[in-house]
Amino acid sequence: MSEQAITAKNVDLSNCDRELVQYVGAIQPHGAMLVVNEQTYAILQASRNIENITGLALDQVIGAPIESVLGRGNANLLGRAPLQDGPVYVLRESFSETSTSVNVFAHRCGGVLLIELESVPEGRVPPTIDLYSKLRMGIARLQATPTLQAFFDMAVSQIRDFTDYDRVMAYKFHPDGSGHVIAEAKRDDLEPYLGLHYPATDIPAPARRLFGLSWLRHLPDTDYSPVPLVPEHNPLTGQPVDMSYSILRSVSVMYSEYLKNMGVKSTTVMPLMREGKLWGLISAMHHDAPKHLPYDVRMAAEFLAHMLSLLMSAKESVQTYEQRLRMSSVTDQLVNAFNREPDLHVAFGSRSSPVNVLAQVPAGGAAVVSHGKVTLCGSTPCASDVLALAAWLDQQKQPVFATDALSEHYPPAAQYKTTASGLLALHLAHRSPEYLLWFRPEQLQTVTWAGNPNKPVEIDETNGLLVLRPRNSFARWKESVLGRAEPWQPWEIEAVANLRRALFEALLGRAEEIERINRELIELNVELDSFAYAASHDLKEPLRGIHHLATFLKRENSTLLSEEAKKQLDMIMRLTRRMDDLIEALLHYSKTGRSELTIETVDLDRLLDEAIATCRHRIAETNTAVRRSDSLGTAACDSVQVREVFTNLIGNALKYNDKSTRWIEVGVEQARPKRYFVRDNGIGIEQRHLERIFLIFRRLHGRDEFGGGSGAGLTIARKTVERHGGRMWVISKPGEGSTFYFTLEPESDR
Amino acid sequence: MNVRPIISVEDSDQDFTALRYALNAAGVRNPVERCESGSHALSILNSKDGCPLADRASLILLDLNLPGVDGLELLKEFRNLDPKRLVPVIVLSTSAHPADVDRCYRAGANAYVVKPFELDEWKTKVGQLAEFWLRAAELPTRRPL
């Protein structure tokens with residue numbers, strides 16, 4: 001006990017959460033109490049009303065042996081009964097002087113024997129056999145209920161049926177000590193309490209503890225006057241008596257006051273226990289008049305409450321088990337979808353497929369974030385908000401992240417708290433932000449409190465003293481609950497973690513598959529390589545033969561051949577030469593795609609010098625001016641291949657020009673990435689042909705116009721810059737000239 | 001000038017025609033013995049027992065793409081018969097593949113020449129080969145030390 005114990009004498013609302021309710025030192029008046037020495041069976045204390053029940057005066061009783069009240073035979077029963085585990089019914093006794101019948105209960109607590117004589121209420125008591133059949137039927141019905149809600153609906157209606165109370169409610173505690181009414185059975189004319197929330201101060205911690213100690217607490221008349229024990233303290237120890245388990249114990253003033261304010265005349269409360277902890281209450285109330293429940297009925301109700309606790313746990317486990325099964329079946333389906341379809345967006349985000357990511361856990365919406373793309377299902381924040389959230393999650397470095405109040409962790413989420421106060425996030429890939437997200441809406445936009453929870457006390461200052469009283473207003477008080485969603489259950493988080501594991505396994509399998517394919521591709525490339533050379537060899541040999549034959553024929557028989565025949569031989573030679581060029585170009589193109597790039601820092605100006613040198617004969621022949629505006633600087637690239645790109649573009653610029661004064665310009669535009677260009681004042685390209693010119697063997701002009709060519713040059717050049725991560729394009733004005741652009745690195749921020 | 005025969009291993013009639021034309025044009029008077037396949041070449045070279053390869057050939061011009069025993073295998077066989085590499089072997093091939101070039105040199109080729117497409121280029125290249133190997137260079141004597 002602390003330096004100043006809070007008991008019935010000094011309790012108020014400011015300290016009632018510390019009130020030592022069990023040391024109240026008084027009982028309710030529907031019975032009497034005797035405190036008896038365990039060894040000697042001498043009566044140490046008695047309730048002041050002992051004479052009203054037994055006809056024996058207080059001073060006759062105190063100090064006397066117990067048999068002077070119960071008779072010798074009955075007193076002997078006490079020695080034989082097991083009294084360690086709370087009150088036990090011992091016998092029924094009638095006192096002729098007062099014409100009162102009592103049930104006698106006894107238990108041991110705190111070193112003394114507590115004997116309680118509870119008067120038997122008048123009126124008909126239903127036979128035990130009826131109660132038993134009712135109970136049996138009730139339990140069978142409870143077992144058959146499909147959901148927890150149905151279970152509680154059934155339970156309160158059963159108990160009301162038994163006890164004939166005006167109202168029976170099932171009440172569930174929240175982690176913070178507040179609670180709400182989850183099921184209710186009541187007289188039709190009464191105002192419903194279903195769904196009402198009560199603040200934690202309404203049932204303070206000591207009361208919650210005591211509720212957990214006895215299976216039934218009965219208060220027949222809330223308007224009673226407590227009957228004190230005489231003397232107040234145990235004369236042997238000088239301490240108040242511990243009445244934690246007592247049936248008749250007087251309740252806290254705060255409690256009876258509270259009930260009176262609620263308009264309750266009589267009440268019975270039974271705890272709902274789950275895994276040894278107080279989970280909730282079954283609370284029965286009578287509004288019109290006091291109501292004293294006979295012991296038999298109470299026993300049946302108590303038994304039922306006991307059964308409720310057991311069944312409830314089982315029911316909840318079954319319900320959880322079924323949810324787990326359902327979620328694990330969804331996990332299997334998702335993983336199958338992922339195995340069939342490697343794109344997460346398609347595999348999980350499809351609205352048309354039977355199962356998408358939203359089905360995994362109960363949620364309002366879900367999102368797939370992968371490769372900077374978002375796919376949304378159900379009710380979610382917008383795509384850009386989801387992307388920003390994923391970026392934030394990336395900093396958290398948690399494989400699975402769950403919260404029911406996202407905006408408390410991530411303030412920007414306050415903007416979309418209505419759809420996403422709850423977030424369950426699964427991190428898939430370590431390199432890029434790849435996430436599966438589930439969102440839960442803000443729970444119950446408003447909570448209906450029974451009265452203003454922030455003002456649970458009434459202050460009475462009329463007499464100059466500060467008197468705190470439990471509130472007497474139970475008018476509905478709506479309070480907004482901000483930014484909170486229904487919490488994620490442990491098994492839901494577990495299901496998501498399981499999904500993650502399963503997806504990783506699938507990914508691992510896929511990585512092996514990719515490695516195998518890569519190996520095959522390398523082999524195929526080697527094969528293709530040798531094929532290309534073998535084919536070219538085999539094609540070139542006969543072609544060379546034809547060419548030689550035509551050459552011999554023309555040279556050695558020139559006098560015999562007509563001019564027409566000589567022309568035809570020339571044609572054969574030209575065609576075979578062209579075909580040889582084509583085979584060579586094809587070979588070159590296939591090599592461009594396969595050979596390894598040798599990337600180094602390259603002085604592009606020097607590279608351009610070399611390219612221009614290669615073309616010097618054509619430049620001189622065509623009398624073309626070559627302008628070089630700015631320095632090209634350096635670039636990380638393969639020098640041999642990029643020099644070829646320059647040679648090719650300059651070659652084309654020289655070739656496709658019919659002006660009398662010709663020029664080409666090579667330079668760079670300082671964009672990001674840098675754009676290198678080769679510009680000419682040549683014939684230009686029509687808009688519709690701008691892409692065609694990059695296709696292999698596509699030509700816009702006759703074979704022998706503009707000096708011919710294989711038609712693979714631009715294709716090879718574009719492929720080269722693409723292998724560097726860049727791109728190549730052209731802008732042109734027919735008749736005025738063209739500019740070919742290329743870059744040598746990927747566009748940033750795309 | 002060395003007058004021992006030139007052995008040409010060449011399955012293609014057209015290429016052999018081009019080769020002979022080019023040798024003639026280059027003024028080469030050595031007899032030219034043609035083998036149309038690798039196995040044919042081996043049987044000829046093995047038939048004259050005890051006579052070293054260097055006694056019978058001044059130069060071997062070898063095509064790579066042959067039916068049956070291919071040029072590369074044949075090249076290795078030549079080097080078995082002529083371990084001191086007394087007879088120069090010049091590979092004539094359509095392929096410019098670096099792997100082919102490397103393989104041939106590793107197997108003991110003295111030169112690797114890509115067959116030209118134009119007849120006139122044959123004349124030029126073969127002329128250069130004759131100029132070097134038959135006129136500028138001294139080939140080993142018939143009896144090695």
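In this predicted model, the buried residues of helix H1 of chain B pack against partners from both chains: H13 of chain A on the one hand, and strand S1 (6–9), strand S2 (32–35), strand S3 (59–63) and helix H6 (119–136) of chain B on the other. The buried set in H1(B) consists of B:Asp15, B:Ala18, B:Leu19, B:Ala22 and B:Leu23. Because these residues cover an arc of only 135° around the axis, they fall on the same side of H1(B). An α-helix has 3.6 residues a turn, so residues three or four places apart point the same way. The length of the helix can be checked as well: H1 of chain B has 13 residues (13–25), which at 1.5 Å a residue should span 18 Å, and the 18 Å between its end C-alpha atoms agrees with this. Just after H1(B) comes B:Gly27, with a positive phi of about 80°.

The contact between the chains can also be described from the side of chain A. Here 12 residues of chain A are in contact with 11 residues of chain B. Two elements give two or more residues to this side of chain A, namely helix H13 (490–556) and helix H14 (563–594). H13(A) provides the largest share, 10 residues. By class, the side of chain A that touches chain B holds two nonpolar, five polar and five charged residues.

Chain B itself has six helices and five strands. Read from the N terminus, its elements follow the order β-α-β-α-α-β-α-β-α-β-α. Of its 145 residues, 34% are buried. Among the contacts in chain B with a separation of 6 or more, 71% are between residues 24 or more positions apart.

Turning to chain A, the secondary structure amounts to 18 helices and 29 strands. This chain has 750 residues, of which 36% count as buried. For contacts in chain A with a separation of 6 or more, the share from residues 24 or more positions apart is 64%.

The largest nonpolar core has 42 residues, and those touching the most other members are A:Ala155, A:Val156, A:Ile159 and A:Ile282. At least two residues of this core come from each of helix H6 (148–163), strand S7 (167–173), strand S8 (179–186), helix H7 (205–211), helix H8 (253–262), strand S12 (266–274), strand S13 (277–286) and helix H9 (295–340) of chain A. Beyond its neighbours within four places in sequence, A:Ala155 is in contact with A:Leu142, A:Ala170, A:Ala183 and A:Leu308.

A residue worth a visit on the screen is A:His427, in strand S17 (residues 422–429) of chain A. A:His427 counts as buried because 20 C-beta neighbours lie inside 10 Å. With neighbours within four places in sequence left aside, A:His427 is in contact with A:Leu393, A:Gln398, A:Pro399 and A:Tyr435. For one of these, A:Pro399, the C-alpha atom is separated from that of A:His427 by 4.9 Å, although the two residues are 28 residues apart along the chain.

Several loops of chain A deserve a look for their backbone geometry. Most residues other than glycine have a negative phi, and most peptide bonds are trans. A:Lys397, in the loop between helix H11 (383–396) and strand S16 (400–403) of chain A, is a residue other than glycine with a positive phi, near 55°. A:Lys397 is exposed, because 9 other C-beta atoms lie within 10 Å. A:His371 also has a positive phi, of about 55°, without being a glycine. Its place is the loop between strand S14 (365–370) and strand S15 (373–378) of chain A, and A:His371 counts as exposed, with 12 C-beta neighbours inside 10 Å.

Cis peptide bonds complete the survey. One joins A:Val230 and A:Pro231, with omega about -10°. A:Pro231 sits in the loop between strand S11 (227–230) and H8 of chain A. Another cis bond runs from A:Arg672 to A:Pro673, with omega near -5°, and A:Pro673 belongs to the loop between strand S26 (662–669) and strand S27 (675–680) of chain A.

Terms used:
Residues numbered from 1 in each chain as written. Chains lettered and ligands numbered in written order. Predicted model: local features only at pLDDT ≥ 70, side-chain atom pairs only at ≥ 80, totals over all residues. Helix = DSSP H or I, 4+ residues; strand = E, 2+ residues; numbered from the N terminus. Contact = placed C-beta atoms within 7 Å. Nonpolar A, V, L, I, M, F, W, Y, C, P; charged D, E, K, R; others polar. Expected span 1.5 Å × (residues − 1). Arc of directions from axis to C-beta. Core = buried A, V, L, I, M, F, W, Y, C linked by C-beta atoms within 7 Å.
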